[in-house]
Amino acid sequence: MSPPGAGGEGGEAVAALNAGSSSIKFALFSADAAPEEIMRGQIEHITHADGDALLRELESHLDGRQLAAIGHRIVHGGSRFVAPVRLTPEIIAALRDLTPLAPLHQPLGLAPIEAIATVRPGLTQIACFDTAFHHDLRPPASRYAIPRAFEAKGIRRYGFHGLSYEYIARRLKETSAPGRKVVVAHLGSGASLCAMLDGRSIDTTMGFSALDGLVMATRPGAIDPGILLYLLKQEGFTPDRLEQFLYHECGLLGVSGLSADMRDLLGSDDPRAAEAIDLFAFSISRHIAEMANSLGGLDVLVFSGGIGEHAPVLRAMVAARLGWLGAVLDEAANRAAAPRISAAGSRIELRIIPTDEELIIAEHTVAALGRS
């Protein structure tokens with residue numbers, strides 16, 4: 001956990017919660033127009049449905065402040081929710097109806113919301129959506145080649161990791177000239193790319209669900225639908241078994257047969273680990289080329305997320321595969337995880353920007369309170 005920041009005792013604070021499968025990451029910020037971080041940490045061994053325990057843990061770190069509101073990362077907002085929203089029982093119910101679009105993530109995000117609302121119904125809670133950053137995607141990037149009747153029902157490309165991309169777009173605006181063609185690689189347990197022009201999402205690799213696009217820790221990424229039909233018809237998979245398979249048994253774990261954790265694979269001498277890493281790098285570079293096509297070129301490539309920020313070997317492998325686009329890596333800068341890791345003669349600027357989804361959640365939460 002990070003130590004408390006400046007600001008002293010008293011005043012109000014907002015919390016940013018990011019619920020995962022086994023833990024909840026959180027950060028506390030001052031409830032000011034420009035929120036300042038108080039501390040951040042991770043809540044372990046607390047069930048997402050124990051509202052009392054969650055609130056006790058959060059309030060134990062407030063250092064004399066009052067908790068004014070809690071902001072939550074919600075993975076899927078569907079077509080309706082394209083901006084942060086104050087949560088009511090009706091909106092919570094509407095978000096739960098979106099669970100079929102994100103069966104792994106949506107229940108995890110909603111469980112602490114409902115638990116806290118039960119024990120403290122008067123506490124303001126704000127939902128911030130990973131899909132919102134991409135809500136301006138338009139055809140053809142947003143469209144699947146299916147009958148229009150299904151598109152009218154909401155089967156379209158939504159995109160995810162939007163809170164991360166929103167933060168990085170802001171950082172790029174502070175440091176880069178407008179009009180540059182940027183691909184951001186958010187590489188973690190879940191992984192995706194976003195093609196940005198002037199800080200706006202033009203295209204992205206995840207689509208209707210968080211299964212599409214890049215190879216991930218336990219998800220396959222883009223996969224021939226014929227494989228899914230084969231599994232259903234020839235291997236006897238039920239829909240529930242197929243969901244388990246796609247979300248939990250594929251990706252780096254499935255290919256290596258060893259681990260879903262990139263750190264484990266990088267430290268392994270097993271050739272299957274090397275094959276999984278090579279497939280991951282191939283998937284990333286392949287989809288970067290697709291994003292460059294959507295942009296009509298590529299000026300900047302940004303690495304972010306846990307793997308993107310901390311795996312120099314993986315960054316080097318991706319850069320090497322993009323040599324035909326003019327990417328040239330500065331090896332020393334890459335090993336040092338410098339903000340800029342491209343060599344002087346590189347036609348593509350290669351950068352590392354650590355993301356901060358919690359800050360974006362806090363800012364949206366403060367704005368919803370009318371403080372900005």
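Colleague: What should I know before I start?
Modeller: The model is predicted, so local features need pLDDT of at least 70 and side-chain atom pairs count only at pLDDT 80 or more, while totals for chains, interfaces and linings use all residues. Residues are numbered from 1 along each chain as its sequence is written, and side-chain values use heavy atoms, with hydrogens and water left out.

Colleague: OK, how many aromatic pairs does a search of the whole structure find?
Modeller: Four. Rings of Phe, Tyr and Trp (its six-membered ring) pair if their centres lie within 6.5 Å; planes under 30 degrees apart count as stacked, over 60 as edge-to-face and the rest as tilted.

Colleague: Why is the pair of Phe81 and Phe129 called stacked?
Modeller: The ring centres are 5.5 Å apart and the planes are at 20 degrees, so Phe81 and Phe129 count as stacked.

Colleague: Are those two buried or exposed?
Modeller: Both Phe81 and Phe129 are buried, meaning under 20% relative accessible area, where exposed is over 50% and partly exposed is in between (1.4 Å probe, protein chains only).

Colleague: And what about Phe133 and Tyr165?
Modeller: Their centres are 6.4 Å apart with planes at 35 degrees, so that pair is tilted. Both Phe133 and Tyr165 are buried.

Colleague: Is Cys194 buried or exposed?
Modeller: Cys194 has 0% relative accessibility, so it counts as buried. Cys250, at 9%, counts as buried too.
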